[in-house]
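Please study each task before reading its solution.

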Amino acid sequence: MIAKSGRLSRREPLAAKSGGMRQLTRDTVTHVQWTAGQGQFELDDDRRRVDRDTLWRFLSTQAYWGRWRTRSVVEQQLESAWRVVGVYQSASGAMIGFARAVSDGAGFAYLADVYIDKEFRGQGLGVELVATMIDRGPGASFRWTLHTADAHGLYERFGFTQPDRTYLERPGTPPATR
């Protein structure tokens, strides 16, 4: 079972006042930290904590969706991401999971590069990672999209469904390797 706790940091101005207390909206969230596994793991959207070497190692060797990328492409994607969330072992600080989002910052986001290291799977950390990215932060009210070949069940838990007839897509092609 996953034990959960969290902290959402928010910025002014606040959305409204009610009964003398200020009401905050999710779109004012500026920083999220969440603990899971009875304190054994931390989820954090502070991009300064991302272990770029660990991220590169996973994406270049284990991610079926990302092995075409070069290190410089991964760095560019990390730098230009709207939001990132890492999963870290509390005791060591080692990064054991990651998710990245691309967004207009107002109403639409694309979820990418979601993973939990193999040895830590099966503990609910993938669920906590997706929840932290899409429900515990500034994009909670957004329209979210993603691509996956093997994790449909995970994403369906968060309301992802097959697109309707209004959704069109022009598939990209990986750059030619030299």
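Helices (H or I, at least four residues) and strands (E, at least two) are DSSP runs, numbered from the N terminus. The model is predicted: local features need pLDDT of at least 70, side-chain atom pairs count only at pLDDT 80 or more, and totals for chains, interfaces and linings use all residues. Residues are numbered from 1 along each chain as its sequence is written, and side-chain values use heavy atoms, without hydrogens and water.

**Exercise 1.** State which elements supply at least two residues of the lining of the second largest pocket, and describe that lining.

*Solution.* Step 1: a pocket is an open set of points on a 1 Å grid over the protein atoms alone, where a 1.4 Å probe fits, with protein on both sides within 12 Å along at least five of seven lines; lining residues have an atom within 4 Å of a point. Step 2: strand S9 (143-146) and H4 each supply at least two residues, and S9 gives the most, with four. Step 3: the lining divides into 10 nonpolar residues (Ala, Val, Leu, Ile, Met, Phe, Trp, Tyr, Cys and Pro), five charged ones (Asp, Glu, Lys and Arg) and seven polar ones (the others, Gly among them).

**Exercise 2.** Describe the largest pocket and find which element gives the largest share of its lining.

*Solution.* Step 1: the volume, which is the space filled by probe spheres set on grid points joined across faces, edges and corners, is about 1,100 Å³. Step 2: of the 38 lining residues, the closest to the centre are Tyr64, Trp65, Asp113, His147 and Thr148. Step 3: strand S7 (95-103), strand S8 (108-116), helix H3 (125-134) and helix H4 (152-156) each give two or more residues to this lining. Step 4: the largest share, seven residues, comes from S8.

**Exercise 3.** Explain why S8 is largely enclosed, and identify the strands joined to S8 by bridges.

*Solution.* Step 2: two strands pair if DSSP finds at least two bridges between them. S7 and S8 run antiparallel and are joined by six bridges; glycine 97 stands opposite isoleucine 116 in S8. Step 3: S8 and S9 run parallel, with four bridges, and alanine 109 has tryptophan 144 in S9 as its bridge partner.

Technical notes. Buried means under 20% relative accessible area, exposed over 50%, partly exposed in between (1.4 Å probe, protein chains only).
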